[in-house]
Amino acid sequence: MNIVYEEKSKIFHLYNEKISYVMKLEKDCYLSHCYFGKRLRRWSGSAGMYYYDRGFCANPDETDRTFSLDTMPGEYPDFGQGDFRSPAMELEFLDGDRNTRFYYVGHRISEGKAKPKNLPHVYVEDDAEAMTLEIWMKDEVRGLKLSLYYTIYEDAVLTRFVSLKNESENTVAIHRLLSMSMDLQEQDYDILTLGGAHTEEKNVYRRHLVGDSIVVESNRGTSSPQATPFLGILRRDTTEEQGEAFGVNLIYSGNFFGCVQCGQYGTTRVQLGINPFQFCWNLKPKEQFDTPEAVLVYSQEGLGGMSAIFHRLYRKRVCRGKFRDQERPVLLNSWEGMYFALSEEKLLGLADEAVKAGIELLVMDDGWFRGRNSDTTSLGDWVEDKEKFPNGIQDLAKKVREKGLEFGIWFEPEMISYESELYKQHSDWVIKSHCYSPIQSRNQLVLDLSNPKVCEYLTEAISEILKDGNITYVKWDMNRHLTDLGSTFLDRESQGELSHRYVLGLYSILEQLTESFPDVLFEGCSSGGGRFDAGMLYYMPQTWTSDNTDAVCRLKIQHGTSLLFPSISMGAHVSAVPNHQVGRTTSLETRYLVAAAGNLGYELDLKKLSQGELEQIKKQIVQYKRLRRTVQFGEYYRLADPFTENQAAWNFVSEDGKQVIFSHVQILARSAYRIPTLRLRGLDPKAEYKNTETKEVFGGDELMYAGITIPRVRQDFSGTMIVFEKI
Ligand code: DGJ
């Protein structure tokens, strides 16, 4: 990779073997965007912008009526100089003025990676892995310095963030400071977004861009199940396997704003960053504000190629800690099997069954702490319920471990119940408006993580439980969104900082806990995948993908999630039937097959199963342990789309290419059966592959080009899994 600046032409060119990103200084002071895409040897301007004297266009250079910021493809547009498209920043000064004029003043090119302060980011382990360009812009009148950071890696990835420094004597209010903005020269794109709802996360929506804007955003305090901080920009003919795809994703877990906006003369503005709605940050003299980091990916191999790049990056350079490179345990979670009705006796009984089945980790979900018999009480009081656990949970954890299982525990640290000791002592620690009583959601209120005392309390309370080392897994839940925005800790002027400070507070707690307890595996959760984002992955290398455990619904949820996130980051459990969320009955085989596409777990009362079912589960776990290295560290390929087809299919290929797992699920059985043919991907066309069950041998070329046909099964939701070995 390399970054060059050509003094004569004023061109910045960031490139590696795969991509080029080109910018140009216009009139020596404005930064324009020229190109992002497949690698170019150099930029000579064959597709450069032509400026004309156009109606309604303001001309910052009085001597040149052809030049206007409204038609320049910009890199970080400000407000008030004539660019009427969506700005990347909006500031307000003490005199009420909101205009700014930032001009280029210099740049630096260096090895390695710059990082936004106190925020999750892509990291490098060696400076040789990346190069960084820092471009400095200044508003001399206002005494502000803006640094735009661009980092390029070996893969087809570039990351960006922005830092604003106040060098003046006065406080400046930041209303908007996005992480990235970029104007593509064309407009003929399809836009892909991942929207959804609780129990229906990451639906894939694709539509053609015409004439106006598409906005994705969250103002819920978290990235949310309803939206994902991601924009896919695809050529019209881009498919899963072919064509150009640009993906932009934000490494952030709070309110975000993303927008794709058509410019009037055929350009497309792409933006992503903290949501300006309800955001106002007071930047005091000498202070600096860093935005979250945005990840820009470019693929010529369709959506599949784009996902593979995100997967590699997030697995290797966003996830951290010892679990990053470790196979994840098969777990049994108590939630759907027992809900709040936990007890020492029941859990020990479950542990015995779990050991027999080959499970490696027992997770005690919600219901273990003082007085927690329903979702109406006790959040905030992180001490065990002595009635349920007379000998304490450390003792329980030890006993479970003696049986040969790891022991894990559930927390929902960011929350507080009215009925709790914590509320009696610290009712002022709640997020609430000073004029209304706070609105409950799931009978709970949200703690004010902008207050360092609250963060300290939570860090200590959780450390107290983890410090004995008996608990080696934590499920970190978060089951409501932020209403009644108000903090008794922040002063009047700082109330607009609350949502972002909440996220910073959360990150600081997670940073401390993950550093203090490196042997604890953390799994994120927000009523399922409500905060499944790259920010959380930086602290917790896996996330509970959805509260919806129905195998058929999961086909779509896991398909959508896989657009960005690797299988190793997805918690996926086999649960009881009829399914608790949708009432559907699917076979144990299909439930396993779908859950085995992620980090396999079971979430049902093993004691209620028949001997036959227990035997089947035992075999599934034996098989999964043989396959999990491939599932968790191999390449993943989507072969069919459950959003548009009556089926889902995928295959994994192990890191060494020797093991291939193919899975297919027929959704509804049909009388007039159309025989589906699924073409595998990622195999060696010259190699031979043996079906490990039937011992039949096929050429890699045949499996990839001719494919596999699925025989008719007269049953809804039937599944097929074939494991091949390369010979
Ligand atoms: C929501 C989670 O997604 C569930 O798995 C479970 O942990 C419940 N919360 C417990 O309240």
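1. **Ground rules.** This is a predicted model, in which local features need pLDDT of at least 70, side-chain atom pairs count only at pLDDT 80 or more, and totals for chains, interfaces and linings use all residues. Residues are numbered from 1 along each chain as its sequence is written, and side-chain values use heavy atoms, with hydrogens and water left out.

2. **Domains.** The assignment, automatic or from a database, gives domain 1 (2–318), domain 2 (326–416 + 453–480 + 520–632) and domain 3 (647–726). Taken over C-alpha atoms, the centres of domain 1 and domain 3 are 41 Å apart.

3. **The second largest cavity.** To answer the opening question: this cavity lies between domain 1 and domain 2, because both give residues to its lining. A cavity here is a set of points, on a 1 Å grid over the protein atoms alone, where a 1.4 Å probe fits but cannot get out, and lining residues have an atom within 4 Å of a point. The space inside is about 110 Å³, a volume being what is filled by probe spheres set on the points, with grid points joined across faces, edges and corners. Its lining includes Ala308, Arg312, Pro566, Gln632 and Tyr636. Two or more residues come from each of α1 (302–317), α11 (611–633) and β32 (635–640), and α1 gives the most, with 4. Helices (H or I, at least four residues) and strands (E, at least two) are DSSP runs, numbered from the N terminus.

4. **The largest cavity.** There are 8 cavities of 30 Å³ or more, and the largest holds about 190 Å³. Of its 17 lining residues, Tyr30, Met72, Tyr76, Pro77 and Asp78 are the closest to the centre. The lining divides into 10 nonpolar, 2 polar and 5 charged residues.

5. Over residues 30–284 the chain is 0% helix and 46% strand, with the end C-alpha atoms 26 Å apart.

6. **The ligand.** The ligand is surrounded by 13 residues, of which Asp365, Asp366, Lys475, Asp477 and Asp547 are the closest; a residue counts if one of its heavy atoms lies within 4 Å. Polar contacts are pairs of N or O atoms within 3.5 Å. Among them, a polar side-chain atom of Asp365 lies 2.6 Å from a ligand oxygen atom, and one of Asp477 lies 2.7 Å from a ligand nitrogen atom. For Trp544, a side-chain N or O atom is 3.4 Å from an oxygen atom of the ligand.

Definitions and conventions. 1 Å grid on protein atoms, 1.4 Å probe; cavity = no way out; pocket = protein on both sides within 12 Å on 5 of 7 lines; lining within 4 Å. Nonpolar A, V, L, I, M, F, W, Y, C, P; charged D, E, K, R; others polar. Polar contact = N/O pair within 3.5 Å; in protein donor to acceptor, adjacent residues only side chain to side chain.
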